[in-house]
Amino acid sequence: MVDEVLEMRGITKTFPGVKALDNVSLELRKNEILGLVGENGAGKSTLMKILIGLYPKDSGEILLRNEEINPKNVKQAFDYGISMVFQEPAVLPNIKVAENIFLGYEERFLRNGIIDWEKMYKEAGKQLEKLGIRAINPKAITGSIPFWQRQMIEIARAISLEDVVGEPVIILDEPTSSLSVDRVNLFEAIRKLKEKASFIFISHRLEEVLELTDRIVVLKNGKNAGLTTTNETDIKELHAIMIGREREEAYYSEDQQEACGDEVVLSLESLSGPYFKDVTLQLHKGEILGVGGVVGSGKSFLGRTLFGDLKVSGGRIVLNGKELNPKSASDAVKSDIAYVSRDRHEEGLIPYFRVKWNLTLTILERLLKNGLIDFRKEKETANELVSRLSILTPSVDSLSVNLSGGNQQKVVLGKWLARESKILVLDEPARGVDVGVKAEIYRLMRMLAKQGVSIVLISDELPELIEMSHRIITMKDGRISQVLEAARGQKPSEKEVFQYM
Amino acid sequence: MKNENTSSGEKTMQRDALRQFFGSVSKPLLLFGPPSILVGMIIFFTTLNPRFATTQNLESLLRQAAVLSVVAVGGTFVIMIGSIDLSVEGIVSLSCIISVLTANYFSSCPMSGLLAVTLTIFIGTLFGLVNGALLSKAKLPSFLVTLGTMAVGNGAGLLITGGYTVPCYVASFRWFGVGDMLGIPSLGVFAIIMFALGIFLQTYTRFGRSAYAIGGGERVAVMSGVSVEKYKILVFVLAGALSGFAGALVGARIGAASAVAGSGLVLDAIAAVVMGGTPLTGGVGGVHRTIIGVFCITVLSNGLNIIGVSPHMQVVVKGIVVILAVAASVDRSKLPFMK
């Protein structure tokens, strides 16, 4: 007999102008890890937000352990044992680990109106042990511990409900999408907790979904599109269900990869900087050079140092034969280097700026006529970029906030296209963007490479790294561990690349 | 017990909910809020005392607004980049004193007024440079830096005058404060010129666009190659120069060098900027909004005077109004947005 811990039936939710969910159903079995996938806009977030009590549903039922529930807010959902763990660790940095784990439930530790700290620390330690983690000190101030540990605390918080409610339902929303996730530890913790809880795992990374889950629910355009058992399906099939057609090869436009020239445009000679040492490599004209490595390998720091955002501590950067010493980002920009950060939130585009302003932020001096901004040129440039990148926006005067994630990312790329930089350092350029826009970004990269632009592609996604690059450099502990060729038709396998990471 | 779970995902949800609410409320609020408050106040005061709406009072109002206008234009840019300039009072007081003393010293020269004003603009610029450099290069918070320079300005002023006021009868200088150009009080003309300058700078120049960028997303601006350090300094230089000019105007208007010439200007200036619609976090708004804010503050002061409210009570009322205004000017830029 199959044990269902959670059932969502016939959930419908309409927002003004858009039907986000149309009669969607989902079943979570006891002690299973259920994958929830779909393009951006498919409805996964909305469905989970309803479950967690944030949005009211228009119709349908939610049954928890066969009893109907209707959580009106997050606290209520939490009291039922349903909690969500988010992309960025939702923990307060200024308080202790134990306090974060029991945030909102401090009354459990009250003794005569005063908190029994020793008891809290002990309890916290117990929860952490459930995850198999002994390295986290419950008394440590949360802000001082490494990122991946903060994520663990959130999970500990979710699992602590076990002592209050019974088997919790834990929703993991893109837990591997943020900046420095320790996937190994995370997955291990989840597997360990499987016997005490049931998980819903939302992710864009289909390889991970396939690795971790037991079954997979696919949503498309607010409707159920498919339900499979994990070990009976593969990426290709999931993609096909998600976006409605087979797109695997065309996705990365591998057929568009042309051999790059011999001309070396950028050369790093024993370059050292924060968290990396002794990096020597050459970037050729029209080449896409992939840089891979696990968290802590230093690859993102390398990218930033090239852009002048971090200080060089040793070695040289040689650009087109001349030594380069960027003291700041504006130096790098002037030398025709562009940088797209993996942190679109903080370093991508300015929210309350109009699209045309964000697009021209890098070329202000070129917009000047008699020392003043030429508005006509500004609009023309912006319109041209919007059309070239197929950016969906009501107009170039619209506020950038209002664009979807994928289109925002296009704007970020657009501002560098405006600059016509010859070297692009891209750090996870297709992160958190839906499948359709991802493919567009890859096509754009191919086109730029063909036009002679050189790209350094820093990425955590192995398939992306392998498919897109001409050559792949792997970094480990701050040093280059291997250089691999990845010519068209002769791509290395993921295993081959991963062994050097 | 209250659940203070503000996880980032919950934050996202809260953002969405907040954004939905404020999106529908804040745009009209920002657009029509300040002007309606202004109109409301005018109606209120006129009803209580019809003397408020006489040409005489309006002229007086305009004069009162003028000095604040000059300072507020500079203040707008400072707040636009997310900083604050407390040194206004110090610069204004010191400039007032120096301009009067200079005018008196060169009283025989016909250009003494112009000389005095130029000198104070120069001094204001220097202060601004110091402010900007400490903020930008030494990375000290603007609050502390300008607090310090304010003290220096005030102190220098007291040092020079010894606490006494020095009268000034030099016509070429007094003209700046009490004269007129083609029938319009010169103070008014200067205020109009400064507003025009401010609007021009913010809309048509790289300087203005960069100021918006720094306020709207400093990190993004840095990573896009904008010379953020340079523009931060320039913003403070502008604010300093304008404060210097304002100090000379005060001196010319009251006809005396007073070490407390700048008193209360900081509160008024910041209030004017924020009430107008440039939130303290910067990135949005501008001088065109500050114009309304300046009039709101001036009408408030003038109106309270006319209906007989004591000066002390006025300060209390102003403070309350400012708090309400700041609360109402929703910090949209503080609401995260990205997906």
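Are α7(B) and α11(B) roughly parallel or roughly antiparallel to each other?

Guide: Before the answer, a word on the model, which is predicted, so that local features need pLDDT of at least 70 and side-chain atom pairs count only at pLDDT 80 or more, while totals for chains, interfaces and linings use all residues. Residues are numbered from 1 along each chain as its sequence is written, and chains are lettered from A and ligands numbered from 1 in the order in which they are written.

The two helices are roughly antiparallel to each other, a label that applies to angles over 145 degrees, whereas angles under 35 count as roughly parallel, 65 to 115 as roughly perpendicular and the rest as oblique. Helix α7 of chain B covers residues 186-204 and helix α11 of chain B covers residues 287-306, and their axes cross at roughly 150 degrees and come within 9 Å. Here an axis is a line fitted to C-alpha atoms, for helices over the stretch in contact, and angles run from 0 to 180 degrees between N-to-C directions. Helices are DSSP runs of H or I with at least four residues, strands are runs of E with at least two, and both are numbered from the N terminus.

The contact is made on one side by F195(B), G198(B), I199(B) and Q202(B) of α7(B), and on the other by V287(B), H288(B) and I291(B) of α11(B); two residues are in contact if their C-beta atoms, placed from the backbone, lie within 7 Å. By class, four of these residues are nonpolar, three are polar and none is charged, where Ala, Val, Leu, Ile, Met, Phe, Trp, Tyr, Cys and Pro count as nonpolar, Asp, Glu, Lys and Arg as charged, and the others, Gly among them, as polar.

Among contacts in chain B between residues at least 6 apart in sequence, 80% join residues at least 24 apart.

Leaving aside neighbours within four places in sequence, A98(A) is in contact with M120(A), Y121(A), A124(A), P138(A) and K139(A).
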